[in-house]
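Let's take a walk through a protein model together. Keep the sequence and the 3D view side by side as you read.

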Amino acid sequence: MNIVLLTVGKIGEPAVQQLRLQAGTASGASARAVHLLILDSRRMSSICLDAAFTEVALINRTLGINHGVLICPAATLNLTVAAIRAGLHDLVHETLSARRLRALLKNASPATRVGAQEFKAVAAFLRTLGGSPATQSSDADLARREQALLHRGEQLANIEKRLTFDRDALEARDRELHESSRRLERTLALQQTDADLTPEAEPSFAPSIDDLQALAKRLDQRAAELDFREKLLLEMQGLLTAQASVVRSTVGV
């Protein structure tokens, strides 16, 4: 089973790589036929891509292609028409998955039995030359991703700063509202007290316990003095009554 991969070369021109897979093939299959041709156009310039399509058309005329695949970032009408004219009738966006690769191998040669070892060989071949899903990103892709991550980090930092500022502002506003509420409550309380007071009625203040005790002591002293005076008056009344009796008895004699 012959597999051909076209990628961009070091000098910006199409580079053709071939893998001959030793797998069981049905009788009558041409040894020169290309069972699967993959054109990876993701890093090709327009000039390189035109040259790659020319190379694919030449391979198709001379050897024949069972199944041709174009790997591209995005399929446009012009790109699709050019691929079909060159002999590529299958388009894949970005990378090849393992399931898609198995399907391509089956479509390329239905009678060929591709075992696990052969499939690993194909995957390693595509991975090495840039057509496998396990292919590492280029330096430019990594740089773009790193730049995007840095930009996202700056955005998150700005959002965090804005949230912190908004939180501080809300807390300050909450404290201000709390103080305003307390001032309003005190103002309403004073207004209610002034409304309860009238010119005829002065506010009464509740005496303290010490004042009540002193007042009770003075009342007790006043009661004792009154009792003593009452006792003296009774004694004087008794003396006067006795003297009056003596006087009446003397005069009667």
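Predicted model: local features only at pLDDT ≥ 70, side-chain atom pairs only at ≥ 80, totals over all residues.

Residues are numbered from 1 along each chain as its sequence is written, and side-chain values use heavy atoms, with hydrogens and water left out.

Start with strand E1, residues 2-8. Helices (H or I, at least four residues) and strands (E, at least two) are DSSP runs, numbered from the N terminus. In E1, 6 of the 7 residues are buried, so the strand is largely enclosed by the rest of the structure. Here, buried means under 20% relative accessible area, exposed means over 50%, and partly exposed is in between (1.4 Å probe, protein chains only).

Who are E1's partners? Two strands pair if DSSP finds at least two bridges between them. E1 pairs with strand E2 (residues 14-20) in the antiparallel sense, over 7 bridges, and Val8 stands opposite Pro14 in E2. The two strands form a hairpin with 5 residues between them, and in the turn Gly12 has a positive phi of about 80 degrees. E1 also runs parallel to strand E3 (residues 34-40), joined to E3 by 4 bridges. Look there for Leu6, which stands opposite Leu39.

Now for the charges. Side chains of opposite charge can pair when their charged atoms come close. The rule for a salt bridge is a side-chain nitrogen of Lys or Arg within 4 Å of a carboxyl oxygen of Asp or Glu, and the count comes to 2. Arg42 and Asp40 make one of them, with their closest N and O atoms 2.7 Å apart; both residues are buried. Arg100 and Asp90 also meet in a salt bridge, at 2.9 Å from N to O. This pair links distant parts of the chain, 10 residues apart: Arg100 is in helix H3 (residues 98-108) and Asp90 is in strand E5 (residues 90-93). Arg100 is partly exposed at 32% relative accessibility, whereas Asp90 is buried at 14%.

Last stop, the outside. Leu163 lies in helix H5 (residues 139-196) and is exposed, with a relative accessible area of 54%.
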